[in-house]
Amino acid sequence: MPEQNIFQPDPKLSRSSYVSSLQQYNELYKESIEHPEKFWGNIAKQFHWETPADPKNFLSYNFDISKGPISIKWMEGASTNICYNLLDRNIKNGHGDKIAFYWEGNHPEDFTRFTYRKLLEEVCRFANVLKMHGVNKGDRVAIYMPMIMETPIAMLACARIGAVHSIVFAGFSSDSLAERMKDCKAKVLITSDGAWRGEKLLHLKKICDQALDKAEELGHHVETCIVVKHINRVTAPVPDLVEDFSVDMRDDRDFWWNDEMEDVEPSCYPEWTSVEDPLFMLYTSGSTGKPKGVLHTTGGYLLYASTTFKLVFDYKPGDVYWCTADIGWITGHSYVVYGPLANAATSVMFEGTPFYPDVDRYWQIIEKYKVTQFYTAPTALRSLMKFGDQPPSKHNLETLKVLGSVGEPINPEAWLWYYKVIGKEKCSIVDTFWQTETGGHVITPLPGCTPMKPGSASFPFFGVKPSLLDEGGKEIQGEGEGYLVFSQPWPGMMRTVFNDHPRFESTYFSKFPGYYCTGDGARRDSDGYLWITGRVDDMLNVSGHLMATAEVEAVLTEHPRVSEAAVVSRPHPVKGECLYCFITPNQSETFDKKMVDELKVLVRERIGPFAQPDVIQHAPGLPKTRSGKIMRRILRKVAVNDREVGDISTLAEEQIVEILFQNRPEK
Ligand code: PRX
């Protein structure tokens, strides 16, 4: 990439940032790779360990499946409580009256704030409620919630008593929620009556009722459902909808959050857990089979979420940080809740959408709270760019110093808009590459330190050792492109797939023994910058939501009139990628608009609204090799109407390619 496309960090920012030059980064990086025990051992000193770690046994691991089971253990033998470290410890250090969260509701007139002290009190109360309902250390608690304060309260209450939270993003369907609750054998489900997203009212409790019934059908009984009364306490954008709004409460199972919180003690002694005890699980799509319950543990995750937050956002006391991600995704876990609170940070938490009541809502919130670090997804930026520079220009965005991006590649156009229009050419942009599995950022620029190239996630974070491998598993040195893998563990990485260690090993460690395989490809340029090139498996990334083509295909073929389905990704100007589906109806069935509509509804119901296909095309047949393998490469060409399909001589029926081009719904 030519020199003029390198953007140097603002000198003013460099002067004050924790890591202020590439030289300093290189020195620290070297130490973190060569002496991880020392590097992370120093960081661990700021936290409370009820039983300290044995420095001689700070890290033990096996990344090589040919030598035995994969295992990763940091600080084995130590014990702690993450909730204690996030709340009690900060209060002891004098931050009790500091704002932990400015909560900004969907409606601009709804807002509140929580100090560290108030948060601790609410967390303790709810921890006692959970105990009253028989939740013990190690039990799983499912959470299906909007972006309201009760969500972090519920998470931290679980952590306080050693229970394992399993959050399901509240955009998932009742089927998806049921499947996840069954897989983790959730004892309790926490939800709210409903949620506003702009002017849309979501009936969360209704979805939960269906999910609880479905879990029952699948053979799992969830004992208790605790429901936050949210809709009636907030200003409604559409009051008429509230009038009709009611929820069913089942006597033996459902309890109102407020009623339960009434007479409980505002203190709760923390459960000291082993640092390798599970903290939470979070489901992520797998390229084959059902979603995987990615399991994170306590001690290493605390070190990693905390350190990445501090250094990647260059968070300083007095700053106001805002991450727009939903807590239902890993970004919300690590960078709305755990990372910021571990640093006694002040954050904004936002319930609504960037478009309500108007398309300048994000910029208005930045101005209102004097936000210094802002973290969002490229999809959101692209959808806001469409409205031009005027909405942000109405607001004072001068407080900003770091702008983060996450979840998908950021295209240079969106990067430049972010840099120029939002950041006024003085903010560092941190394009953070990471995954549910990695627990925190693994490849990212550092503010005030890394010269930026639009679209490159640049260099590894401390303790992370990336390599690029060719198909044969050989490391590519210098410039080149290959599979992105990591050859040693960092503290925040996942430890296993819940209840399925063999799946953990086969998914991440079997393709290249000795390495954790991300499933992404990457390129290294002549300056050593890493550029993520996208998934190398059959996964799609729609608006930052990762899903498997196989998952969507399985739903499409559930339709009684469908014989076969194949799904590929097609580039989309706002969502990054979208779903393009090829449908072969059963013999004697016709492909019509009714079928298309039914298939869209089916995908929404089974997976969630974010998975709805953009295009559903009739495919009288699919391009298959003689051995029956679908050649997706050809389908991807049809999806973008590119007739340069390459060699098709291995196809069983070559003529199908032309038929598919003829059948494209968009002429
Ligand atoms: O393909 C990569 C993409 O998102 C995947 C991880 O998705 P998930 O587990 O849902 O976590 C998303 C939030 C961390 C990755 O395998 N991805 C994530 N961040 C980036 C990215 N692709 C390119 N650039 C990024 N900054």
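**Ligand shell, sheet and nonpolar cores**

Strand 24 contributes the largest share of the shell around the ligand, namely 3 residues. The model is a predicted one. In total, 21 residues surround the ligand, and the closest are P409, F433, Q435, T436 and I532. At least two residues of the shell come from each of helix 12 (330-342), strand 20 (428-432), strand 24 (516-524) and strand 25 (530-535). Sorted by class, the shell consists of 8 nonpolar, 9 polar and 4 charged residues.

F433, one of the closest residues to the ligand, is located in the loop between strand 20 and strand 21 (466-469). F433 counts as buried because it has 27 C-beta neighbours inside 10 Å, the threshold being 20 or more. When residues up to four places away in sequence are not counted, F433 touches V442, I443, T444, A457 and I532. Of these contacts, I532 is also listed among the residues closest to the ligand. S383 lies 50 residues from F433 along the chain, and a distance of 21 Å separates the C-alpha atoms of the two.

An open sheet is built from 3 strands in the order 28-29-30, with mixed pairing. Its edges are strand 28 (562-572) and strand 30 (615-618), each of which pairs on one side only. With direction ignored, neighbouring strands of this sheet are turned against each other by 25° on average. In general, the strands of a sheet pair through backbone hydrogen bonds, in either a parallel or an antiparallel arrangement. Between strand 29 (residues 576-585) and strand 30 the sense is parallel, and the pairing extends over 4 bridges. Within this region, C581 stands opposite I616 of strand 30. Helix 18 (residues 549-556) lies across strand 28 and strand 29, and runs at about 140° to strand 28.

Nonpolar side chains tend to be buried together in soluble globular proteins. In the present model, the largest nonpolar core comprises 171 residues, and V123, L130 and L189 have the most contacts inside it. The element that gives the most to this core is helix 5 (residues 116-132), with 9 residues. Neighbours within four places in sequence left aside, V123 is in contact with C83, L87, I153, L156, A157 and R160. Another core, of 31 residues, lies apart from the largest one and includes L540, V552, I607 and A611.

Conventions:
Residues numbered from 1 in each chain as written. Predicted model: local features only at pLDDT ≥ 70, side-chain atom pairs only at ≥ 80, totals over all residues. Near = placed C-beta within 6 Å. Nonpolar A, V, L, I, M, F, W, Y, C, P; charged D, E, K, R; others polar. Pairing = 2+ DSSP bridges. Axes fitted to C-alpha atoms, helices over the stretch in contact; angles between N-to-C directions. Contact = placed C-beta atoms within 7 Å. Core = buried A, V, L, I, M, F, W, Y, C linked by C-beta atoms within 7 Å. Buried ≥ 20, exposed ≤ 12 C-beta atoms within 10 Å, placed from the backbone.
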